[in-house]
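Visitor: I'd like to learn how to read a structure like this one. Could you take me through it feature by feature?

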Amino acid sequence: MHITQGPQFNGKASKRLHVMAKPIGAACNIDCTYCYYLSKQDLLEYKKGCSPVMSDETLETYIRQYIAGQNTAEIVFSWQGGEPTMLGVDYFRRVVELQKKYQPKGVTIANDLQTNGTLLNDEWCQFLKQHNFLVGLSIDGPEMLHNAYRTNKAGRGTFKQVMKAVELLHKHQVNFATLTCVNNLTSCNALEVYRFLRDEVRSPQMQFIPIVEQKSFRTTAPQTWLPQEQLKQGDKRLIPGNKESIVEPWCVSDQAWGNFLITIFDEWLANDIGKVFVQYFEACVERWMGRKNPLCTLNEICGKGMAMEPNGDVYTCDHYVYPEYKTGNIHQQQLESMAYSPAQQAFGYGKTRNLTEQCRGCDYQFACYGECPKNRFIRTQAGEPGLNYLCAGWHKFFAHADRSIAYILRATGNPVAFGRYSDSALQQAQQQKSVKSAKFEMRF
Ligand code: SF4
Ligand code: SF4
């Protein structure tokens, strides 16, 4: 769910919600092969008169409601697309102006913006720095790997433009993170990708996104799949590129996903721990320590990102922008009431409620919780529908990293709350050992 109630703020219960606003909808200046959003241009009937640019009226309504719906020390706005920089710097100057207009006393307002980087220039970077935006920059690795899918409308790679953006972001000291799509190609070149991001891009924070799409994703909403059509884990038709595959050829396979994470984890552990920030690994360390996983995909309940289109239509999640998952429109309802609505809550809690038996019995349920429900379109080995397509890869990675994460935590004086090497598991093993040696002594 998208609201967390925690401690008090300003004498009242703290409340927080999160929306990914798409002020230009799915419109983009480039044409990445695997973009899950470009197809929304047809799905959301943009052609039937829905303006792809968020009007000033909708923008102000949104900012006002988003602030009014929260009671917390920091309110974070997220701007996505499509490509939001197509709107120009002045559009975002207006955003900042409206945020100031509604900013409550003692509350900080922060912004993050996801971009393909190709339109960034000095003016943009000065603005982003001045207003302390956190920029998410999409880059898939070295030139060959990046250009394989991240192409412009003429089919040419965008690598050189994105590298210019990298230099500009560094030059202006803009706070940024890299977002790298793990597809059928990048997944097989894990070290090249990681070392490139570390050494050439000097990425302050690496985020990796597994690319998983069924061939039917343009028209079929997640979780409306027929149970009888779901293939069993291990079925060859789940391998991308296979002639009869049900997933798009650019997807990462479950095994390749696990291998990708393991390869990078080992390199990070050997050389870069404490120096390079890899979002998944930091999140695992937090979770093993007993804290909540900061990533919605690996958390118990869905926690991040209702999505809002330029006309004010709101959807349960960025990955669920389909008519079946529309929760309302900010011109008719308040954002807060949509975030608290029974449908939205059922969506959030469904993540754990709908786990398969295989997940419930899994050693790494605490770290995974069946990952994102939009990827749960296969059957377990026992035949139960609703298992995550990436399950085998996730399990392989967690089993591989378990011991090292426990070691890192102990070495830094932290508790190990979960995993095969947790404090309680070790205590139990010690007790069993002393019982055994006591029995041994009694026999002699
Ligand atoms: S559906 Fe997936 S991406 Fe959306 S909030 Fe849930 S876990 Fe996150
Ligand atoms: S690793 Fe697989 S079985 Fe375990 S919780 Fe994740 S999806 Fe479920």
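Visitor: Let's begin with ligand 1: how many residues surround it, and which are the closest?

Guide: A residue counts as near a molecule if its C-beta atom, placed from the backbone, lies within 6 Å of it. By that rule 11 residues surround ligand 1, and the closest are Cys296, Thr297, Cys302, Cys317 and Cys372. Keep in mind that this is a predicted model, where local features need pLDDT of at least 70 and side-chain atom pairs count only at pLDDT 80 or more, while totals for chains, interfaces and linings use all residues. Residues are numbered from 1 along each chain as its sequence is written, and chains are lettered from A and ligands numbered from 1 in the order in which they are written.

Visitor: How does the shell around ligand 1 divide by residue type?

Guide: Here Ala, Val, Leu, Ile, Met, Phe, Trp, Tyr, Cys and Pro count as nonpolar, Asp, Glu, Lys and Arg as charged, and the others, Gly among them, as polar. The shell of ligand 1 has five nonpolar, three polar and three charged residues.

Visitor: And which residues surround ligand 2?

Guide: Its shell includes Cys359, Cys362, Cys368 and Cys391, along with Trp394 and His395. By type, the shell around ligand 2 has six nonpolar, five polar and one charged. Helices (H or I, at least four residues) and strands (E, at least two) are DSSP runs, numbered from the N terminus. Helix H12 (357-360), helix H13 (365-368) and H14 each supply at least two residues of the shell around ligand 2, and H14 gives the most, with three.

Visitor: How do I read a helix such as H8?

Guide: Start with its span: the expected value is 1.5 Å times one less than the number of residues. Helix H8 (residues 254-272) has 19 residues and reaches 26 Å from first C-alpha to last, close to the expected 27 Å. Just after H8, Gly274 takes a positive phi of about 85°.

Visitor: Which residues of H8 are buried, and what covers them?

Guide: A residue is buried if 20 or more other C-beta atoms lie within 10 Å of its own, exposed if 12 or fewer, and partly exposed in between. In H8 the buried ones include Trp257, Phe260, Leu261, Ile264, Phe265 and Trp268. Their cover includes strand E7 (175-182), helix H7 (190-201), strand E8 (206-210), helix H9 (279-288) and helix H14 (391-411).

Visitor: What about E7 itself: how many of its residues are buried, and which strands pair with it?

Guide: Two strands pair if DSSP finds at least two bridges between them. Six of the eight residues of E7 are buried. Strand E6 (residues 134-138) runs parallel to E7, joined by five bridges, and E7 also pairs with E8 in the parallel sense over five bridges. Leu179 of E7 is the bridge partner of Ser138 and stands opposite Gln207 in E8.

Visitor: Finally, how many helices and strands does the whole chain have?

Guide: The protein chain has 15 helices and 14 strands, and 42% of its 444 residues count as buried.

Terms used. Two residues are in contact if their C-beta atoms, placed from the backbone, lie within 7 Å.
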